[in-house]
Amino acid sequence: MKYTVFWGCMIATVEYGYEVSVREVFPRLGVELAELGWNACCGYPLMQVNTRVWLYLASRILAETQGSGHPLFVPCNGCHISLCEAQHTLMKHDRLVGWVNELLRDEGLRFNQSSPVRILHTIEVLHDEVGLEKIRSSVVKPFSFKVACHYGCHIIRPADFPRVDDAENPTKMEAILGAIGAKTGDYPERLECCGAGANVVEPELVARLCGWKLKSVRARGFDALVTSCPACQMNYDAKQDAIMQVVKDPDISFPVFYLTQLVGLAMGIEPRKLGLNLNKSPVENLIDL
Amino acid sequence: MIALNEADRLLEELRQTVANLTPLVCYSCARCSSGCVMTDAGCVPHSIIQLFRLGLLDKVERGLWSCCQCLKCDVRCPQDARPAILILALRNLLVARGLTPPKGYKVMLENVARQATIQPPQEVMNKDFDFVSRTTLGLPELGKPANMDAFRQNLKKLAANLLEEVDEK
């Protein structure tokens, strides 16, 4: 299994724990990663002010991936929806392909409508491609804690083009965690947004939103929260101190992991090699760093 | 440039589609707003649809930028009225008409035009209070698009109104 990887702005510039853990875990599961050769914005946040900018930025990445000949692995939820939606749009509207290719020509790129790119998120690579059996057989230290899954919005919505899992009842992340021995469970706030899209205008409200979920998850008897998106992880993990300042409640302090960090721990990989000393939340409550 | 006008025309078509369909099919069941996490900030999707239907764009503006685009309303609407897409289209429309968007969006776009990503790789502090970077973590340098001039020119073609302060080089 070989994929071209697109990291995007958040993972490659600040949320290093995701990149580090993917690079440790994937090769041990037979997944080989080829670099795209450059990193540039996928366009998703800019779609809000200019959809043309979004379509241009996303199409460049699709065009470059077509040249690589491999499927595209996209670990960030935001980049994943951006590229899937851009390709969905280009496959539907021939005239937009002509328009975008005129822009891409100056960069020596071209989107070819006859060879759409397979785009896969972390959850899809682990669940659909590697498979639960292979994950299960690679486990040497079963993870015994009870963890709450946070899917993030953009890998399960919207409904008009294929997404990673069901919009109202996703199960793949729980299945992966089950394969490494972790206990999971449903909870009422499971599909609630972390609010990252509103950080630009409503940072305080977003902090309250994140605090509410962290507190609920703890009260419902979970030991940790698990994410698979750098924006969600940043909101729940890196911003925990800021959340506590806004909601003035020490109960917010709660371990938050990347899915790939937990898979790596179960495979017996040393915590620091999985970037766990980069998590801001108290992951040391559950594991020896 | 003909192709750009063509895209403008297509986007106008899209806006028309949203404008024609969304208000007509919505019967204000408020399922969108009942699941919305941003109502405290004035983002009330079914009321945005109604205000849009009444042509009260100035009143729409208040909650418009608080939507976090989680798309829950889009998935749950029994009429497929797509409130989140209407919000997206309205944001685009207002910016195209000269409204200054919240500062963060402009800064992000300027940064992308300058260096291709929203921010350059940062140094972050680990739990030992050491600052680490991509280099110290052993992560490869990812690089920028080969032709940054063409990249920047393209962005300026598409969003000249938001990139006045970004130099050619």
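Helix H8 of chain A (residues 172-179) is mostly covered, with six of its eight residues buried. Here buried means under 20% relative accessible area, exposed over 50%, and partly exposed in between (1.4 Å probe, protein chains only). Helices (H or I, at least four residues) and strands (E, at least two) are DSSP runs numbered from the N terminus. The structure is a predicted model, in which local features need pLDDT of at least 70 and side-chain atom pairs count only at pLDDT 80 or more, while totals for chains, interfaces and linings use all residues. Residues are numbered from 1 along each chain as its sequence is written, chains are lettered from A and ligands numbered from 1 in the order in which they are written, and side-chain values use heavy atoms, with hydrogens and water left out.

The buried positions of H8(A) are A:Lys172, A:Met173, A:Glu174, A:Ile176, A:Leu177 and A:Ala179. These residues pack against helix H6 (122-130), helix H7 (132-137), strand E5 (147-149), strand E6 (224-227) and helix H12 (259-266) of chain A. Contact means heavy atoms within 4.5 Å. Just after H8(A), A:Gly181 adopts a positive phi of about 95 degrees. The loop between E5 and H8 of chain A holds A:Pro158, and the peptide bond joining A:Arg157 and A:Pro158 is cis, with omega about -5 degrees.

In helix H4 of chain A, A:Gln87 counts as buried because its relative accessibility is 9%. Leaving aside residues up to four places away in sequence, A:Gln87 touches A:Leu62, A:Phe111, A:Pro116, A:Val117 and A:Ile119.

Chain A is divided into domain 1 (2-120) and domain 2 (139-285), with bounds that come from an automatic or database domain assignment. The C-alpha centres of these two domains of chain A are 24 Å apart. Their contact takes 24 residues from domain 1 of chain A and 28 residues from domain 2 of chain A. The two domains of chain A bury about 2,100 Å² between them, with 71% of it on carbon and sulfur atoms. Buried area is the accessible area (1.4 Å probe) that two parts lose on being put together, summed over both. A:Glu15, A:Tyr18 and A:Asn77 supply 29% of the area that domain 1 of chain A buries against domain 2 of chain A, more than any other three residues.

Across this interface between domain 1 and domain 2 of chain A, the rule finds zero salt bridges, a salt bridge being a side-chain nitrogen of Lys or Arg within 4 Å of a carboxyl oxygen of Asp or Glu. The rule does find five residue pairs in polar contact there (both at pLDDT 80 or more). A polar contact is a pair of N or O atoms within 3.5 Å; within protein, one must be able to donate a hydrogen and the other to accept it, and residues adjacent in sequence count only if both atoms are side-chain atoms. On the domain 1 side, H1, H2 and helix H4 (77-92) of chain A each supply at least two residues. The largest share, ten residues, comes from H2(A). The residues of this side divide into 15 nonpolar, five polar and four charged, where Ala, Val, Leu, Ile, Met, Phe, Trp, Tyr, Cys and Pro count as nonpolar, Asp, Glu, Lys and Arg as charged, and the others, Gly among them, as polar.

Between the chains, the contact takes 67 residues from chain A and 67 residues from chain B. The area buried between chain A and chain B is about 5,900 Å², of which carbon and sulfur atoms give 64%. In chain A, A:Gln48, A:Val49 and A:Arg52 lose the most area to chain B, together 13% of what that side buries. There are seven salt bridges between chain A and chain B, including one in which the side chains of A:Arg272 and B:Asp128 meet (2.8 Å, N to O). Residue pairs in polar contact between chain A and chain B number 29 (both at pLDDT 80 or more). H3(A) gives the most to the side of chain A that touches chain B, with six residues. That side of chain A divides into 38 nonpolar, twelve polar and 17 charged residues.

Two residues of chain B have a positive phi without being glycine. B:Asp80, with phi near 55 degrees, lies in the loop between helix H5 (72-76) and helix H6 (83-96) of chain B and is exposed, with a relative accessible area of 52%. B:Ala116, with phi of about 80 degrees, lies in the loop between helix H7 (103-115) and strand E1 (124-125) of chain B and counts as buried at 0% relative accessibility.
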